[in-house]
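Let's take a walk through a protein together, going from the whole chain down to single residues. Have the sequence and the 3D view ready as you read.

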Amino acid sequence: MQIKSLKGLMIPLLSVIAGFLVGAIVMLIFGYDPLQNYINLFVGSLGDIYSIGETLRNMTPLILTALGFAVASKAGFFNIGGPGQYLFGWFGGISFALAFPHLPGIILIIGSLLCGAILGGIWSMIAGILRAYFGTSEVITTIMLNYISLYFINYAIRSWLAKKGNDSSPNIVAKASLNTPFLKSITNNSTFNWGFFIALVVVVIVWLYFNKTNSGFEIKAVGINETASRYAGVNVKQTIIVAMLISGVLAGLGGAIDGLGNFQNISVSNNLPDVGFNGMAVALLASENPFGIIFAALLFSALQIGGLSISVYSNTPSEIVDIVIASIIFFVGIKYLFEWLLAKRKHHSQEKLSEGGR
C-alpha cells in the first residue's frame with residue numbers, strides 16, 4: 001500500500017518538475033533568466049499577505065471544478081462541461097442575489113449558492129441522461145452544452161439582468177458578498193473570501209461520500225466495470241445520472257462562489273471561462289484525490305497569480321506560465337498513456353498464455 005501511494009505521489013511531482021524544466025529551457029532559448037523569473041513568480045503569488053489572499057481566492061473555483069471533474073471521472077466519464085456548468089452556477093448565484101436583495105444576509109448567501117449549484121447540476125445532468133438512456137458520448141454533449149450555456153447566458157444577461165445598453169448586471173448588495181471587510185483587512189484588500197473555506201469543507205464531504213457511502217461506492221464500481229456493476233444489482237443508469245448531477249453541482253457551486261466572492265456581478269463574455277478547463281488539469285494532476293486537489297489547485301493558482309508578476313519585474317512575457325502549465329498537463333497525460341499501454345500489453349500477454357494453455 002505504501003509503495004502504491006508513493007508511486008501515485010511521484011508521478012505528479014515528476015510531472016511538475018518536468019514542466020518547470022521545460023519552461024526553463026524555453027526561457028533560456030529566448031534569452032530570459034529562468035531562475036529569476038521563477039523567483040518573481042513565487043514572490044508574486046506567495047510573497048506577501050495580499051498575494052497569498054489572491055492566490056487562495058483564485059484556487060477556490062479550481063478546487064470545486066476539479067472535484068466536479070473527479071466525480072464524473074470516477075464513474076468512468078470525461079466531463080468536459082465544467083466551463084458551462086461553472087457559468088450557470090455564476091449566473092444562478094448572481095440572479096438569486098439580485099432578485100431577493102431584501103432577504104437576511106445569511107439566507108441570501110445560502111440561497112444564491114444553492115441556486116448556482118442546482119443550475120450547474122441540472123445542466124450537467126442533461127449529458128448524464130443522454131449517456132444513460134441513449135449511450136450518447138458525454139464528451140460530445142458536454143462540449144456542445146458549454147457553447148449553448150455561453151450564448152444563452154450572454155442573452156440572459158442582456159435581456160434580464162443588465163440595464164438597457166449594458167453588458168453586465170448591477171452589483172449585488174454587500175450582504176450577499178462572500179468578501180467581507182474583515183477578510184479584506186487581514187489580507188490587505190485582496191479578493192480573498194469565505195468561499196475558500198466552503199471549498200475546503202466540500203473537499204471533506206466529497207472524500208467522505210466516496211469512502212463512506214453506498215452511493216459513492218456504486219459510482220466507483222460503475223467506473224471500474226459497468227457490466228459487472230449491473231450484474232451485481234447496481235442501477236447503472238441512475239448512478240450515471242447521479243454522478244453527472246453531483247459533478248455539475250460542484251462546478252456550479254464554484255461559479256456561484258466566484259460570482260459572490262470575486263466578481264460581485266456577471267458580464268457578457270466572448271469566451272468560455274478557463275477555470276473549467278483548468279479544473280480538469282488540476283484533477284488529473286491530483287490523480288482525482290480530493291485532498292490532492294487542494295495542493296494541485298494551489299500550484300496552478302500560484303502559477304496563474306504569480307505569472308502576472310513575471311512581466312512586471314522583467315521583460316519576460318507572462319504567457320511563459322502557460323507553457324509551464326501545459327507542460328505539466330502533458331507529462332501527467334504521458335503517465336496515463338504509459339498506464340494504458342502497459343495494461344494493453346498485459347492483457348495481450350494473458351490472451352497468449354490462455355491460448356497456449358489450450
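This is a predicted model: local features need pLDDT of at least 70, side-chain atom pairs count only at pLDDT 80 or more; totals for chains, interfaces and linings use all residues.

Residues are numbered from 1 along each chain as its sequence is written, and side-chain values use heavy atoms, with hydrogens and water left out.

What is the protein chain built from? It has 14 helices and zero strands. Here helices (H or I, at least four residues) and strands (E, at least two) are DSSP runs, numbered from the N terminus.

Now look at the overall form. The C-alpha atoms fill a box of roughly 75 × 55 × 35 Å along the principal axes. The radius of gyration, taken over C-alpha atoms, has a globule rule of 2.2 Å times the number of residues to the power 0.38. For 358 residues, a compact globule would have a value near 21 Å, and the 22 Å of the protein chain agrees with that.

How much of the chain is buried? Of its 358 residues, 49% count as buried, where buried means under 20% relative accessible area, exposed over 50%, and partly exposed in between (1.4 Å probe, protein chains only). A contact means heavy atoms within 4.5 Å. Among contacts between residues at least 6 apart in sequence, 77% join residues at least 24 apart.

Next, find helix H6, residues 138-161. Its buried residues include Leu 145, Leu 150, Ile 153 and Leu 161. What covers the buried residues of H6? The cover includes helix H4 (82-99), helix H5 (105-134), helix H11 (236-263) and helix H12 (274-285).

Ser 137 caps the N-terminal end of H6, with a side-chain oxygen 3.3 Å from the backbone nitrogen of Val 139. At 29% relative accessibility, Ser 137 counts as partly exposed.

Finally, visit Thr 239, which is found in helix H11. Is Thr 239 buried or exposed? Thr 239 is buried, because its relative accessible area is 5%. Leaving aside residues up to four places away in sequence, Thr 239 touches Glu 218, Ile 219, Val 222 and Val 234.

How values were computed. A polar contact is a pair of N or O atoms within 3.5 Å; within protein, one must be able to donate a hydrogen and the other to accept it, and residues adjacent in sequence count only if both atoms are side-chain atoms.
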